Amino acid sequence: NYEKLWLVLAMVMIIGFISTVVYGATAVGIEMVNDEGGTIDSTALEEDDRFAEPRVERVGDNEYEAYVVARQFIFEPDPIEIPANSTLTFYVTSPDVIHGFEVVGTNANAMVIPGEVTELTVELNEPGEYGILCNEYCGGGHHTMEGKLIVQ
Ligand code: CUA
């Protein structure tokens, strides 16, 4: 009996339609949480001594280490200051989303991934100021995310 068949088909289509809508809404919800960022690995980061207090440390003659946190939409510490004729190693991490870390005018240019540490070393002989830029889109304030490296 065809009437019954059509009724069943209609029901199947309605259920299919509803689950598509629900699935779509769920997917959008997940995306919004990701855009909010903020919570990914931030506890682990706060418990990590190296990044609990972003800073520059002298580790030897003309050798420095900078522990940098890249977050929406700043770099910490800012500015980073070291003397000329130094080797500087950056350890950079992010508590929220993927950022970029580029020291303009040097070979330092890398991606910063939440919960991971990116390591970069540069030799800085001449005094001067270098811009630090985020070159990965990281949200509404991406274009304002910049810092400074001062070599004295
Ligand atoms: Cu951080 Cu773009």
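1. F90 has contacts (heavy atoms within 4.5 Å) with A66, V68, I80, F101, V103, T118, E119, L120, V122 and L149, leaving out residues up to four places away in sequence. This is a predicted model, in which local features need pLDDT of at least 70 and side-chain atom pairs count only at pLDDT 80 or more, while totals for chains, interfaces and linings use all residues. Residues are numbered from 1 along each chain as its sequence is written, and side-chain values use heavy atoms, with hydrogens and water left out.

2. The largest nonpolar core has 27 residues, and L88, F90, F101 and L149 touch the most other members. Such a core is a set of buried Ala, Val, Leu, Ile, Met, Phe, Trp, Tyr and Cys residues joined through side-chain atoms within 4.5 Å; buried means under 20% relative accessible area, exposed over 50%, and partly exposed in between (1.4 Å probe, protein chains only). At least two core residues come from each of β2 (63-71), β4 (80-82), β5 (86-93), β6 (99-103), β7 (109-112), β8 (118-124), β9 (128-133) and β10 (146-151). β2 gives the largest share, 4 residues.

3. The protein has 3 helices and 10 strands, taken as DSSP runs numbered from the N terminus (helices: H or I, at least four residues; strands: E, at least two). From the N terminus on, the order is α-α-α-β-β-β-β-β-β-β-β-β-β.

4. Two strands count as paired if DSSP finds at least two bridges between them. β6 and β9 run antiparallel and are joined by 2 bridges; E102 stands opposite L133 in β9. β9 also pairs with β10 in the antiparallel sense, over 6 bridges, and I132 has G147 in β10 as its bridge partner.

5. S86 lies in strand β5 and is buried, at 2% relative accessible area. The S86 side chain reaches the backbone oxygen of P83 at 2.6 Å. Beyond its neighbours within four places in sequence, S86 is in contact with N62, Y64, V122, E123 and L124.

6. Of the protein's 152 residues, 34% count as buried. Among contacts between residues at least 6 apart in sequence, 57% join residues at least 24 apart.

7. Mean pLDDT (the predictor's confidence in each residue, from 0 to 100) is 85, and 82% of the residues reach 70 or more. Over residues 26-41 pLDDT stays under 50, and the model has 10 contacts beyond four places in sequence for them. Where pLDDT is low, the predicted coordinates should not be read in detail.

How values were computed:
A polar contact is a pair of N or O atoms within 3.5 Å; within protein, one must be able to donate a hydrogen and the other to accept it, and residues adjacent in sequence count only if both atoms are side-chain atoms.
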